[in-house]
Number of protein chains: 2
Amino acid sequence: MLNPRFGKQGFMKATSKPIDVEHLAASIKSGNVVALARGITIIESTRNRDRTIKNQLLNAIFSKTGKAYRVGITGVPGVGKSTFIESFGLNAIDNGFKVAVLSIDPSSSRSGGSILGDKTRMNELSKHKNAFVRPTASGTHLGGVAQSTRESMLLCEAAGFDLIIVETVGVGQSEIEAMQLTDFFLLLMLSGAGDELQGIKRGIMEAADAIAITKADGDNITASKNAAQEYRRALHLMPPHEGDWIPKVGITSSIEKRGMQEVLKWLKLYRNNCEKNGYWEIKRKKQADYWFDKHLQKQLLSVLTSNEALENSLSDIKASVHNLNIDPFQAAESLIQSIKIRLD
Amino acid sequence: MLNPRFGKQGFMKATSKPIDVEHLAASIKSGNVVALARGITIIESTRNRDRTIKNQLLNAIFSKTGKAYRVGITGVPGVGKSTFIESFGLNAIDNGFKVAVLSIDPSSSRSGGSILGDKTRMNELSKHKNAFVRPTASGTHLGGVAQSTRESMLLCEAAGFDLIIVETVGVGQSEIEAMQLTDFFLLLMLSGAGDELQGIKRGIMEAADAIAITKADGDNITASKNAAQEYRRALHLMPPHEGDWIPKVGITSSIEKRGMQEVLKWLKLYRNNCEKNGYWEIKRKKQADYWFDKHLQKQLLSVLTSNEALENSLSDIKASVHNLNIDPFQAAESLIQSIKIRLD
């Protein structure tokens, strides 16, 4: 259940009077960030009347999307993610990019998100005219974090942002989702390999397109270089990436602005390489298929369990499956039988 | 569509006269391998009348399942998987185990499987009275390979087999499925790290519970030891496993019977460790949840698209999504609207 107070937050104001969708879409496409923020608020809205508006809005801007670099960035708390993104983002702006930063935070729909935190922690970037830093969504409907992040990304692209950074804030599933939303996945790591690995999900390191060692400044430079070398060796032993890409590893410092240009170079190299061999498009198509299947299945289940009796039997069966009292395949099939009876 | 010839293969004979399920279940539970083979044939059958029998059979044996070690083994072609499994299996039998070998081969429902191949390649093991080597299923209904492997595993457990080896034969998705079916995942690798990585899916190495370097015999021992050391270093840089397990790496030789006792020791150590900290049960519960959700969603989709018009619109929408002409979330929602209309 959603907390009713979410409905009373800022975005209610934005949707309480009739919206001229055509005008809003045109404003977004002209690069107006106030319109962009308002559009994202509609996307994150849980109100039914906003759903139609959202669909119209997405249809109106869709043809202007898909051109940007989409970059996922993750790392454990303490790795210096915000300062990295600020430093990297400002560097990209110096190179002519318009940079948008979005967050995936599965915990935010429960905790209320970190709206103030986000604005504060990327102070310089969020004030820059060629940047758009969106605070973590707090009102996003349950389970729809990836959806609203993806749709927000499309609005940012329509507004002319050509480097979209999707930052993961939560742990666990959020890296997987970020990976399915972006073209290039960057993992931030500290030099003292060991403890900081605790928060990273298994498989993430092997799947990263690049690893940047952070805080490579002052006394820490040598240790960082050694760590980078270790990771390079380790990744060399891992299976190669689709799209013929050898993951890059390098050292960075947000305070000394070290390595930011190199990370940007990796991005360009990756795109160039994958556009040539066709993998850029293949990957985006696979991602579209992934989200369609996933969302369709989720929605199907919610349609069919909107019946109270079915919802109860689903939760009973789920408990039996979880407690290993029944074979999961048999359990699913018996539930399907009840659904079929309802449909007849 | 299934090839009609599958219906004419061996198992048809087994199901063409009425089956006394109680008797069959009792025979399986008494350890009769002819009954076990017949039970698996029913599980793999695509015929509707066998479905009820299958469900009765699984219910009758379910309480006698869940005690075995379930081990997934994978590796690229050429790594020596069959000879490893034969050598490892015989060693486990010497240690008092009863060993069953099953295969996951997503390609088999198309190609007709490798029935003869399987029997031939594990010659000594398949003839042993304490072993049961099941040829790759060829008649398994489309997409149900993991299901029939899991259900076959349960029958083997009921028949008293306490070490179940699930071998992946195909590539790609099959390792992921094997991982979700087993307690312990063993990756076989050759010593000359490089080319042989090509067939391994990204994320598999980081997820493996152990790596065994194969063919560590003759002139190859030093190279194998070095490779093991390299992998040990690399895995040390990867995130730790749930259940507080540090993946093991060692060298093995099937012809010189080297390292087989060590791999068995890892297995026991892993189980001991994870039973103590509770992860053994948590993992099995997670797997049950995984297969229930996955199977329910698959079945739901097939129920709802059994209507021809819906099936057509699904395939049209899928094509639009794949060609990046429509946002996947919006596409899924529009399809759900048509389904809702049908339900009203």
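Two strands count as paired if DSSP finds at least two bridges between them, and that rule is a handy way into this structure. The strands themselves (E, at least two residues) and the helices (H or I, at least four) are DSSP runs, numbered from the N terminus. What you have on screen is a predicted model, in which local features need pLDDT of at least 70, side-chain atom pairs count only at pLDDT 80 or more, and totals for chains, interfaces and linings use all residues. Residues are numbered from 1 along each chain as its sequence is written, while chains are lettered from A and ligands numbered from 1 in the order in which they are written.

Let's start with the sheet of chain B. Seven strands make an open sheet here, in the order 3-2-4-1-5-6-7, and their pairing is parallel. Its edges are strand 3 (131–133) and strand 7 (248–251) of chain B, each of which pairs on one side only. From one strand to the next the twist averages 20 degrees. As background, strands of a sheet pair through backbone hydrogen bonds, either parallel or antiparallel. To see one pairing in detail, look at strand 6 (residues 210–213) of chain B, which runs parallel to strand 7 of chain B and is joined to it by four bridges. There, B:Ala210 has B:Lys248 in strand 7 of chain B as its bridge partner.

Which helices lie against this sheet? Helix 12 (residues 221–236) of chain B packs on the sheet and touches strand 6 and strand 7 of chain B, with a direction at about 175 degrees to that of strand 7 of chain B. Such angles run from 0 to 180 degrees between N-to-C directions, with axes being lines fitted to C-alpha atoms, for helices over the stretch in contact. Helix 10 (residues 173–181) of chain B lies across strand 1 (69–74), strand 2 (99–104), strand 4 (163–168) and strand 5 (184–189) of chain B, and runs at about 165 degrees to strand 1 of chain B.

Helix 3 (residues 33–44) and helix 4 (residues 48–61) of chain B have axes 8 Å apart and pack at an angle of about 130 degrees. Helix 3 of chain B is therefore oblique to helix 4 of chain B; under 35 degrees would count as roughly parallel, over 145 as roughly antiparallel, 65 to 115 as roughly perpendicular, and the rest is oblique. Their crossing is left-handed, a term used if the near helix is turned anticlockwise from the far one by less than a right angle, with right-handed used if clockwise. The contact brings B:Gly39, B:Ile42 and B:Ile43 of helix 3 together with B:Asp50, B:Ile53, B:Lys54 and B:Leu57 of helix 4. By class, these residues are four nonpolar, one polar and two charged. Here Ala, Val, Leu, Ile, Met, Phe, Trp, Tyr, Cys and Pro count as nonpolar, Asp, Glu, Lys and Arg as charged, and the others, Gly among them, as polar.

Helix 4 of chain B also meets helix 2 (residues 21–29) of chain B, their axes coming within 9 Å and crossing at roughly 45 degrees. So helix 2 of chain B is oblique to helix 4 of chain B, and this crossing is right-handed. On the helix 2 side the contact uses B:Val21, B:Glu22, B:Leu24, B:Ala25, B:Ile28 and B:Lys29, and on the helix 4 side B:Ile53, B:Gln56, B:Leu57, B:Ala60 and B:Ile61. Those residues divide into eight nonpolar, one polar and two charged.

Next comes the meeting of the two chains, a contact that takes 57 residues from chain B and 57 residues from chain A. Several helices of chain B each supply at least two residues to its side, including helix 4, helix 12 and helix 15 (308–322). Helix 14 of chain B gives the largest share, 14 residues. Overall, the chain B side has 32 nonpolar, eleven polar and 14 charged residues.

Finally, turn to chain A. Its open sheet has seven strands in the order 3-2-4-1-5-6-7, with parallel pairing. Within it, strand 2 (residues 99–104) and strand 4 (residues 163–168) of chain A pair over six bridges, and A:Leu102 has A:Val166 in strand 4 as its bridge partner.

Conventions. Two residues are in contact if their C-beta atoms, placed from the backbone, lie within 7 Å.
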